[in-house]
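Here are my notes on the model, as numbered points. Please read them with the structure open.

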Amino acid sequence: ESPAAAAAAPAAASASKPNLWLQLHAGPNSVVSEAMVTVTNKAGRVVGRGKANKAGTVTLRVEPGVSAKNPYLVRTSGGKVRGKAFDGHLELVLTKVGMRHGAHFVDLITTIASEYVEQYGGTLAQAERRAFRKLGLSEDLGHGHLAVPTYDVHAPALSRHHKAKGGFDGT
């Protein structure tokens, strides 16, 4: 093997290594499995794609360049929740990537916050705090509320609420 080929192999391997870890939740104890995930930059260009496994986890490689001034939008489509088709979508505004940051939750809170920032401005952190308060959830427990069974959020009630407003769409 030539020295040039040997040097190119690690570079190619690092270019394909995942740098984004996502965990998708439609509600308490309700992962979104097998959903398609698309990541776009501020200009709307696709910078990454992936598919959730049965545990609602996605690891994928996205192009570098994300920051607070150049956020990426993660958006899900399709998938299943508890074996039934999920016809809504979830969103997350992403300002950093890297496996060292751990999993980024993509759930009701991140979807509400993403929509809020898009419509009214402000920071994602402010919008997430507001969404937690409006839903009566503890900010201290964070996104864990939407990852485990809890009496604070009743998934069927949320589902009925959203269907009354035209369908569960994370908002």
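1. How many bridges join S1 to strand S2, and in which sense do they run, parallel or antiparallel? Two bridges join S1 to S2 (residues 30-31), and the strands run antiparallel. This is a predicted model. One of the bridges pairs Gly27 with Ser30 of S2. The two strands form a hairpin with two residues between them, and Asn29 in the turn has a positive phi of about 55 degrees.

2. With strand S10 (residues 104-106), S1 runs parallel, joined by three bridges, and Leu24 stands opposite Val106. S1 is mostly covered, with seven of its eight residues buried.

3. Helix H2 (residues 108-120) has 13 residues, which should span 18 Å at 1.5 Å a residue; its end C-alpha atoms are 18 Å apart, so the two agree. After H2 comes Gly121, whose phi is positive, near 85 degrees.

4. The buried residues of H2 are Leu108, Ile109, Thr110, Thr111, Ala113 and Ser114. Tyr116 is partly exposed at 26% relative accessible area, whereas Tyr120 is exposed at 59%.

5. The structure holds one aromatic pair. The ring centres of Tyr116 and Tyr120 are 4.9 Å apart and the planes are at 45 degrees, so the pair counts as tilted. The two tyrosines are four residues apart in H2, which means about one helical turn separates Tyr116 from Tyr120. Residues three or four places apart in an α-helix point the same way, because there are 3.6 residues a turn.

Definitions and conventions
Residues are numbered from 1 along each chain as its sequence is written. This is a predicted model: local features need pLDDT of at least 70, side-chain atom pairs count only at pLDDT 80 or more; totals for chains, interfaces and linings use all residues. Side-chain values use heavy atoms; hydrogens and water are left out. The expected span of a helix is 1.5 Å times one less than its number of residues. Buried means under 20% relative accessible area, exposed over 50%, partly exposed in between (1.4 Å probe, protein chains only). Rings of Phe, Tyr and Trp (its six-membered ring) pair if their centres lie within 6.5 Å; planes under 30 degrees apart count as stacked, over 60 as edge-to-face and the rest as tilted. Two strands pair if DSSP finds at least two bridges between them.
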